[in-house]
Amino acid sequence: FMLEPLPARFFEPSFLCLFPQVLVWYFLLPFMLIGVLISLNKNTIAALTVLLYLGLSSMAIALSSGNVGTLLRHRDYVSAFYLMFAGNGLAIFLKQPHKKEAV
């Protein structure tokens, strides 16, 4: 579900229009995992609630989608939540140390 379409399909003519979206999705996957870990560390109950919704929704979408095209369209139902975790992980990754300013 998360890794579809596979990299071997990137250059098939039917998937060329999806290439930018899938490229960004693959780039953000590690940051999603980092964001999940950070969220679990900071607010466990809220993170578990969202993760429970994501897990159940993702499983239902993965099991009910008949082909890759519908899977990609249906993945957008929950991608906003995945992108929130990715944004959290990316913000931590890009966070720069605080600089002391002269007073």
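Helix H1 has 24 residues, which at 1.5 Å a residue should span 34 Å, and its end C-alpha atoms are 34 Å apart, in agreement; the expected span is 1.5 Å times one less than the number of residues. Helices are DSSP runs of H or I with at least four residues, numbered from the N terminus. The model is predicted: local features need pLDDT of at least 70 and side-chain atom pairs pLDDT 80 or more, while totals for chains, interfaces and linings use all residues. Residues are numbered from 1 along each chain as its sequence is written, and side-chain values use heavy atoms, without hydrogens and water.

H1 bends by about 35° at Leu29, with Pro30 following within four residues; the bend is the angle between axes fitted to the seven residues ending at a residue and the seven starting there. Among the buried residues of H1 are Trp25, Leu28, Leu29 and Phe31 (buried: under 20% relative accessible area, 1.4 Å probe, protein chains only). The buried residues of H1 pack against helices H2 (44-64), H3 (68-75) and H4, contact being heavy atoms within 4.5 Å.

Four aromatic pairs are present, a pair being rings of Phe, Tyr or Trp (its six-membered ring) with centres within 6.5 Å, stacked if the planes are under 30 degrees apart, edge-to-face if over 60 and tilted otherwise. Trp25 and Tyr82 pair edge-to-face, 6.1 Å between centres and 80° between planes. This pair joins H1 (residues 19-42) to H4 (residues 79-94) across 57 residues, and both Trp25 and Tyr82 are buried. The charged end of Arg75 sits over the Trp25 ring, 4.5 Å from its centre (criterion: NZ of Lys or CZ of Arg within 6 Å of the ring centre and within 35 degrees of the ring normal). Phe27, Phe31 and Phe93 are linked into a cluster by ring pairs.

How values were computed: Helices (H or I, at least four residues) and strands (E, at least two) are DSSP runs, numbered from the N terminus. Buried means under 20% relative accessible area, exposed over 50%, partly exposed in between (1.4 Å probe, protein chains only).
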